Amino acid sequence: MFKTTLIAAALSTAALAAQADTLALWNFNDLDATVDQGAGTALVIGGSTTSSFVSDNGSTDPAATGSSWSITSFPAAGSGDKTRGFQFNISSAGFEDLVFSFDNRNSNTAARHAVVQYALDGSSFVDAALVTTDLGGVFFNGRMIDLSMVPGTSNNANLAIRIVSTFAPGTGDYTAANSNNSYGTTGTMRLDMVSLSGSAIAAVPEPGTYALLLAGLGLVGAAARRRRA
Ligand SMILES: [Ca+2]
Ligand SMILES: [Ca+2]
């Protein structure tokens with residue numbers, strides 16, 4: 001009985017570790033930036049503003065009809081690199097192997113490049129990945145940033161993630177999403193299905209637990225031998 005209980009506990013811990021949970025999800029279908037599943041906060045940063053909650057046609061949202069979050073008011077050409085866009089504050093307390101994902105759609109004149117950044121303290125942001133949107137008016141779906149190998153992102157109550165517009169790599173200015181257009185501050189950037197998923201951190205058994213388990217198996221073995229004798 002004792003042995004069975006210990007093995008069952010070990011199995012359930014392994015099952016938890018393998019299962020990805022959604023820590024936070026925004027689908028924007030209720031026309032606001034309040035989180036729709038899990039916990040977290042979303043905000044527009046650096047002077048950008050929400051322009052609307054508009055159709056998400058073309059995103060991965062399984063809802064038959066839904067909305068996405070559109071923001072505008074981006075920096076003037078050649079200024080404000082990595083200052084405007086979206087920010088998500090999501091606690092990862094108790095979770096590891098985090099993956100941040102989103103769908104996004106830019107208007108023709110919005111910046112072609114954005115950088116996804118993370119902060120371990122909620123405010124000191126570090127670049128994690130560059131995303132390129134080289135077409136306007138089309139959703140680019142399932143963008144994923146794997147944070148599993150980024151130290152400090154796991155089990156962090158102060159984790160924050162940003163998506164901010166950035167200059168074209170190696171230049172000092174923005175490029176428009178659509179190559180036939182010029183960059184404009186009134187371009188829009190939309191997001192849908194923003195999520196952070198992860199795995200519950202498995203409790204590490206104390207060394208004593210293994211000793212008890214082995215002792216239990218030894219007792220069972222001894223009992224079996226006695227029965228055979
Ligand atoms: Ca949606
Ligand atoms: Ca909402």
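These notebook entries record what I looked up in a predicted model of one protein.

**Entry 1: overall content**

I began with the secondary structure and found 2 helices and 12 strands in the protein. Reading along the sequence, I noted the pattern α-β-β-β-β-β-β-β-β-β-β-β-β-α. I then looked up burial: 32% of the 229 residues count as buried. For contacts between residues at least 6 apart in sequence, I recorded that 78% join residues at least 24 apart.

I next examined an open sheet of 5 strands, whose order is 3-6-11-8-9 and whose pairing is antiparallel. Strand 3 (41-45) and strand 9 (125-132) form its edges, each pairing on one side only. On average, neighbouring strands of this sheet are turned by 20° against each other, direction ignored.

I then asked how many bridges join strand 3 to strand 6. I found 5 bridges between strand 3 and strand 6 (residues 85-89), and the two strands run antiparallel. Within this pair, Leu43 stands opposite Gln87 of strand 6.

**Entry 2: the nonpolar core**

I turned to the largest nonpolar core, which has 37 residues. The members that touch the most other members are Phe88, Ile90, Phe100, Ala111, Ile161, Val194 and Leu196. I listed the elements that give two or more residues to this core: strand 1 (20-26), strand 5 (67-72), strand 6, strand 7 (95-106), strand 8 (113-119), strand 11 (160-166) and strand 12 (189-200). Strand 12 supplies the largest share, with 5 residues.

**Entry 3: Ser91**

I located Ser91 in the loop between strand 6 and strand 7. I asked why Ser91 is classed as partly exposed.

Leaving aside neighbours within four places in sequence, I found Ser91 in contact with Ala39, Ala157 and Leu159. For Ala39, I also looked up the separation: the C-alpha atoms of Ser91 and Ala39 are 7.7 Å apart, although the two residues are 52 residues apart along the chain.

Terms used:
Residues are numbered from 1 along each chain as its sequence is written. Chains are lettered from A and ligands numbered from 1 in the order in which they are written. This is a predicted model: local features need pLDDT of at least 70, side-chain atom pairs count only at pLDDT 80 or more; totals for chains, interfaces and linings use all residues. Two strands pair if DSSP finds at least two bridges between them. Helices (H or I, at least four residues) and strands (E, at least two) are DSSP runs, numbered from the N terminus. Axes are lines fitted to C-alpha atoms, for helices over the stretch in contact, and angles run from 0 to 180 degrees between N-to-C directions. A residue is buried if 20 or more other C-beta atoms lie within 10 Å of its own, exposed if 12 or fewer, and partly exposed in between; C-beta atoms are placed from the backbone. Two residues are in contact if their C-beta atoms, placed from the backbone, lie within 7 Å. A nonpolar core is a set of buried Ala, Val, Leu, Ile, Met, Phe, Trp, Tyr and Cys residues joined through C-beta atoms within 7 Å.
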